[in-house]
There are 4 protein chains.
Amino acid sequence: MSSTFGNTLKISIFGESHGAAAGGVADGFPPGEKIDEKELLKMLARRRPGQKNTTSRAESDLPEILSGVYNDQTTGTPVSVVIRNCDMYSRDYETLKNVPRPGHADYAALLRYGEAADRRGGGHFSGRLTAPLVALGAIARQILARRNIYVGAHLASVWNITDRAFDAVKLERETLLAPGEKEFPVCDDAAGLLMQRAIETAAMEGDSLGGVVECGVIGFPEGVGSPMFDRIECGLGKVLFGIPAVRGVEFGNGFAAALLKGSANNDAFCLADGNIRTATNRHGGILGGISSGMPILLRAAFKPTPSIAKEQKSVDLSLMKETTLAVGGRHDPCVAIRAVPVVEAVTSLVLLDFLLTEKPDFLR
Amino acid sequence: MSSTFGNTLKISIFGESHGAAAGGVADGFPPGEKIDEKELLKMLARRRPGQKNTTSRAESDLPEILSGVYNDQTTGTPVSVVIRNCDMYSRDYETLKNVPRPGHADYAALLRYGEAADRRGGGHFSGRLTAPLVALGAIARQILARRNIYVGAHLASVWNITDRAFDAVKLERETLLAPGEKEFPVCDDAAGLLMQRAIETAAMEGDSLGGVVECGVIGFPEGVGSPMFDRIECGLGKVLFGIPAVRGVEFGNGFAAALLKGSANNDAFCLADGNIRTATNRHGGILGGISSGMPILLRAAFKPTPSIAKEQKSVDLSLMKETTLAVGGRHDPCVAIRAVPVVEAVTSLVLLDFLLTEKPDFLR
Amino acid sequence: MSSTFGNTLKISIFGESHGAAAGGVADGFPPGEKIDEKELLKMLARRRPGQKNTTSRAESDLPEILSGVYNDQTTGTPVSVVIRNCDMYSRDYETLKNVPRPGHADYAALLRYGEAADRRGGGHFSGRLTAPLVALGAIARQILARRNIYVGAHLASVWNITDRAFDAVKLERETLLAPGEKEFPVCDDAAGLLMQRAIETAAMEGDSLGGVVECGVIGFPEGVGSPMFDRIECGLGKVLFGIPAVRGVEFGNGFAAALLKGSANNDAFCLADGNIRTATNRHGGILGGISSGMPILLRAAFKPTPSIAKEQKSVDLSLMKETTLAVGGRHDPCVAIRAVPVVEAVTSLVLLDFLLTEKPDFLR
Amino acid sequence: MSSTFGNTLKISIFGESHGAAAGGVADGFPPGEKIDEKELLKMLARRRPGQKNTTSRAESDLPEILSGVYNDQTTGTPVSVVIRNCDMYSRDYETLKNVPRPGHADYAALLRYGEAADRRGGGHFSGRLTAPLVALGAIARQILARRNIYVGAHLASVWNITDRAFDAVKLERETLLAPGEKEFPVCDDAAGLLMQRAIETAAMEGDSLGGVVECGVIGFPEGVGSPMFDRIECGLGKVLFGIPAVRGVEFGNGFAAALLKGSANNDAFCLADGNIRTATNRHGGILGGISSGMPILLRAAFKPTPSIAKEQKSVDLSLMKETTLAVGGRHDPCVAIRAVPVVEAVTSLVLLDFLLTEKPDFLR
């Protein structure tokens with residue numbers, strides 16, 4: 001039970017929000033893969049705090065690769081990456097020590113690890129731990145892109161404002177990657193503006209907003225995934241639920257499928273340039289747990305940041321008395337924004353693991 | 001990549017729809033656990049085909065336990081169970097051999113395993129494989145019940161008709177287990193009647209309906225689950241997505257959380273009989289991936305059965321020509337009904353695995 | 001912690017000596033592999049009791065394949081095999097219930113599982129559990145043989161009598177497979193006769209003998225295995241130690257290497273038909289944990305059967321008083337004989353798992 | 001296939017001999033365990049190069065703990081440790097690039113990873129990687145010692161010179177830990193002197209010597225380990241074979257058991273202070289794969305260092321021509337010496353993992 005996942009590509013994440021560093025090890029990257037450091041830093045920057053509409057905590061987020069890379073390419077042995085922590089104000093959290101924040105993991109940490117837990121800034125539960133995940137995911141994403149497999153995500157919704165969804169059938173590389181190139185990761189900038197305004201309003205009210213991230217993958221080879229418990233949804237589902245604040249995961253039309261009749265949900269098979277394809281893509285590129293050759297589409301729901309300035313009810317654990325608190329510190333008014341590259345990273349790592357396990361020759 | 005899952009309690013499922021048998025091995029049940037065979041058969045019966053509103057295929061579904069049980073109790077070594085197949089009409093499927101059914105896994109099987117795949121009746125992808133899962137899950141559920149941990153599920157919705165949801169805060173054993181005692185597994189029988197009527201109509205139209213299963217767990221000890229990737233949601237998410245036809249999984253208020261502000265989503269901590277509890281339970285009993293002591297609540301979305309009698313478009317693979325087909329054979333007009341005990345089984349197995357791994361002394 | 005092993009090819013073994021059956025599941029065999037049932041039965045027969053110099057318990061050992069095979073070839077989904085038990089005399093063991101047999105696992109079973117353990121005939125600890133292992137290993141061995149990878153073993157020694165060792169450099173298929181074709185599995189029949197005589201004498205004295213099994217593999221591709229903990233020795237070591245009665249495992253010259261100087265232990269590289277080979281093969285075909293292209297050679301030491309007719313000291317657990325016992329029942333005077341195909345089976349399964357994980361295209 | 005191992009306590013090792021660092025992550029240490037840094041450094045020092053009779057490469061081997069420790073005690077989340085490399089002379093290896101050293105892993109690295117491999121100083125195959133293993137193992141050993149479980153090892157033999165073996169029945173803490181307190185880790189200092197003299201002679205001859213490490217464990221609770229493939233020997237065997245240069249592993253009397261009759265190998269049960277014990281301990285504290293309550297004893301055979309100054313035959317890979325080489329650089333004339341704490345570390349990690357998995361309440 002742990003901070004590791006993966007079959008052929010094994011990921012181990014370590015670190016605490018206010019400890020020395022956050023880091024990770026990826027054991028199983030194929031040898032001889034070039035690392036584009038600029039791209040890696042760009043992806044990390046998209047997750048970094050201190051951007052507009054995110055927490056003002058300033059982290060340089062400069063990763064140091066300690067192993068597994070030689071002459072700028074992978075060697076085949078474990079790649080480890082360390083991102084030092086800085087700009088930590090642990091005193092912000094001192095007052096909260098005995099009063100758990102509603103919706104927050106610090107009470108969970110206490111239940112799980114007792115007094116020994118390092119609860120400063122969320123400790124090992126902190127969103128900070130997604131930084132090394134993005135660093136390693138960026139490498140996986142580059143390895144996939146080299147094989148014309150592209151992974152991109154956007155903010156499908158913030159609160160009740162929705163972005164234009166990816167086209168499930170004709171998803172092009174440009175559309176897929178465009179949101180990641182923008183300052184605010186949406187397809188439709190008008191929707192993005194409304195989202196930003198809503199976030200600013202919520203922040204001013206000392207509140208926060210939830211959101212949904214949609215992720216798409218094109219170019220992924222068909223026939224990958226295994227019944228029963230290594231369906232692609234199983235592999236991705238497990239790890240997506242490991243991203244802090246995720247409350248739901250769905251593939252294709254997901255929960256909406258439950259509202260349909262079979263005749264309206266099935267995707268008819270058709271021929272396209274001599275290949276078997278489907279005319280629609282409600283199945284989100286995964287049939288029976290196996291990639292169908294259509295774009296893969298998934299959505300992850302993020303709850304609103306639990307740390308809010310508004311006064312909330314809680315319990316003082318030292319006095320065992322009900323009390324109220326208002327959370328200070330610097331917090332994202334909407335974690336879903338910075339989660340966009342995290343979802344891309346996780347999707348890249350898991351899909352690369354599937355390829356390495358089931359279709360390694362595709363990677364040659 | 002396979003049909004196995006679990007850490008301390010390892011499950012391996014095998015079999016094909018039209019082969020000799022479906023079966024499973026559970027390696028890791030604690031020794032000395034009494035097996036109530038009557039309860040086990042009752043749970044299997046709820047999944048069995050041939051009930052009202054389900055496929056008319058008659059399966060006796062009588063499991064044979066081959067190992068790991070002595071004098072009606074577990075020995076601590078692997079428990080294996082075999083359920084023989086009978087009443088198979090493979091010829092029903094012969095005509096479909098070259099024309100993949102839209103929305104169905106038989107095309108996926110071909111992509112994954114090639115011509116060697118046993119595609120009769122869905123082969124290893126068949127819902128039939130959930131029978132041994134339920135048999136083993138029934139044992140897990142009994143082991144949990146003996147510690148006052150109760151797992152129950154119901155049909156939260158069929159198509160656009162919704163059942164009354166479980167009360168997230170005051171979920172009592174009686175309410176939780178009631179749907180499983182009924183012929184049609186709902187909380188509100190009036191909603192159940194509407195659902196059945198809708199299913200009958202769909203069946204007559206040669207169509208099928210999707211649905212959502214809600215599962216609740218009470219009595220589960222607090223402090224179980226581990227960041228980052230052994231959060232309870234990770235463990236359950238992975239295996240729930242292994243149930244055929246599941247398209248989405250959510251915990252607590254799930255996707256609805258993405259529509260809320262933090263102040264409306266957070267659950268205030270309060271005192272109840274000297275224990276820390278939450279006044280509301282939007283977090284579904286899991287905070288930071290760790291059980292909070294509140295009822296655990298999850299929902300899984302099932303797509304409508306893809307095998308429908310209505311004419312659909314597909315491709316004849318032998319001629320590489322578009323064609324149409326209408327699926328004969330006997331199929332459930334709504335798989336979600338029989339999925340109710342499957343969700344209970346999977347939830348029981350995964351949560352027992354968590355306890356065995358993190359809190360084995362709770363099981364003494 | 002369990003009766004399962006493997007990465008891409010996952011094996012799960014179940015059963016008890018005096019329960020309904022022993023069986024196993026192999027999840028991950030590649031699809032489309034022909035199963036030669038006659039060869040499978042032949043390999044099982046070599047392990048079967050009732051042969052000369054082995055226990056007289058008569059087991060038909062007829063395996064039933066329940067899944068994963070269709071039209072005599074693998075489908076790619078889990079292969080399960082069940083071997084029913086018969087000819088069990090549990091009363092033989094009734095008297096031993098309170099007096100653990102020295103050197104035997106029944107005391108261990110009590111420590112591990114308590115009173116719930118099924119200790120009849122050794123229960124899950126019994127050598128009987130190697131029957132399904134051999135059945136599944138026979139399939140793996142056939143898959144390897146189809147790629148000109150041959151796995152063979154012989155009795156390297158019984159007590160103080162040694163057989164001729166395999167030629168580490170020029171190991172030919174014929175020599176490798178010859179012992180498995182004989183009634184008594186040795187290279188040198190004269191040594192075999194001496195061994196059999198020694199075993200008969202020991203049996204008459206109510207005693208038993210230890211022995212060593214040597215296993216060789218030719219044709220295995222070079223470059224397979226991974227530092228640090230998926231070295232070939234790690235994978236094989238783990239599972240070989242899972243065979244009951246194994247006390248030591250070594251590769252190449254093994255413990256003898258510790259007695260040498262580097263200049264006498266190193267194998268000089270040389271050219272052979274344009275390939276890099278070594279002039280000697282003290283490294284047993286594995287360098288740095290990775291296959292070198294030379295024959296793979298390993299040895300496993302089996303202790304003498306602990307169940308002997310001679311009187312031994314033990315403790316009556318019900319009275320907590322020291323006592324003596326003489327073990328009745330039918331037992332092998334030398335388990336190493338029947339272990340020969342078990343070592344072949346385990347080696348085949350583990351090496352096939354390595355290929356499936358690291359060089360799956362070799363299997364195409 | 002990778003540099004990770006463990007079930008509940010998961011270890012991931014990374015690094016290269018001449019890269020930035022070697023390090024490791026241990027995911028699963030229980031929370032609240034004090035770390036005695038002095039003891040940790042002492043254990044690392046025993047493995048460090050630059051001691052008498054070992055390579056003169058000077059490594060400070062100062063570990064930095066990056067996570068999982070707060071206020072000098074474990075938090076329950078992953079502990080990561082990084083040991084920076086320094087004093088590297090990669091040019092020593094430049095000349096060897098095309099001429100693989102006999103008996104060395106650099107040819108294996110080429111086979112496995114191709115030209116992308118970082119082969120400087122052995123890369124990821126280097127004995128250097130055992131440094132983080134010892135750092136993490138030192139923590140495990142402290143956790144065990146706090147429960148009166150003691151792990152100690154000594155040089156059982158170097159070349160043909162043998163040390164006094166541990167007393168298998170009456171192994172006391174003092175005797176067990178004494179060798180680790182000495183500059184040369186033996187029980188019998190006279191034997192130690194002979195060993196050192198032999199090593200010096202070999203070094204002067206440009207040669208090296210093999211050796212055997214014996215490891216003992218006392219105080220380990222009985223009833224731990226699981227058939228079939230999580231026997232204690234399976235868990236330890238797998239990881240011990242991951243230590244570079246190990247060629248054989250045996251438990252109890254090991255290979256010697258194969259030379260005995262059952263009556264001479266069985267250990268009679270007896271009563272000692274009301275507990276069931278055995279009068280002798282040929283089984284090495286493990287019966288049926290399960291701890292018996294007697295001292296656990298194992299031996300690992302280390303081959304002589306392959307890097308020797310003596311001229312050896314090899315092949316120039318760039319010319320594909322046979323040639324000769326003499327290995328320069330600084331190398332241990334006998335790796336077994338520095339392997340003593342490595343065997344202790346590995347044994348501690350694996351046994352702690354077993355306890356965490358099967359008897360976690362023992363750790364409370």
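Chain C and chain D bury about 8,400 Å² between them, 65% of it on carbon and sulfur atoms, where buried area is the accessible area (1.4 Å probe) that two parts lose on being put together, summed over both. This is a predicted model, in which local features need pLDDT of at least 70 and side-chain atom pairs count only at pLDDT 80 or more, while totals for chains, interfaces and linings use all residues. Residues are numbered from 1 along each chain as its sequence is written, chains are lettered from A in the order in which they are written, and side-chain values use heavy atoms, with hydrogens and water left out.

**Interface of chains C and D**
- In this interface, 101 residues of chain C are in contact with 100 residues of chain D, contact meaning heavy atoms within 4.5 Å.
- Eight salt bridges are counted between chain C and chain D, each being a side-chain nitrogen of Lys or Arg within 4 Å of a carboxyl oxygen of Asp or Glu.
- One of these salt bridges joins the side chains of Arg247(D) and Glu233(C), at 2.8 Å from N to O.

**Strand 11 in the four chains**
- Strand 11 (residues 246-251) of chain C pairs with strand 11 (residues 246-251) of chain D in the antiparallel sense over three bridges, where strands are DSSP runs (E, at least two residues) numbered from the N terminus and two of them pair if DSSP finds at least two bridges between them.
- Within this pairing, Gly248(C) has Glu250(D) as its bridge partner.
- Strand 11 (residues 246-251) of chain A is likewise joined to strand 11 of chain B by three bridges, running antiparallel, and Gly248(A) stands opposite Glu250(B).
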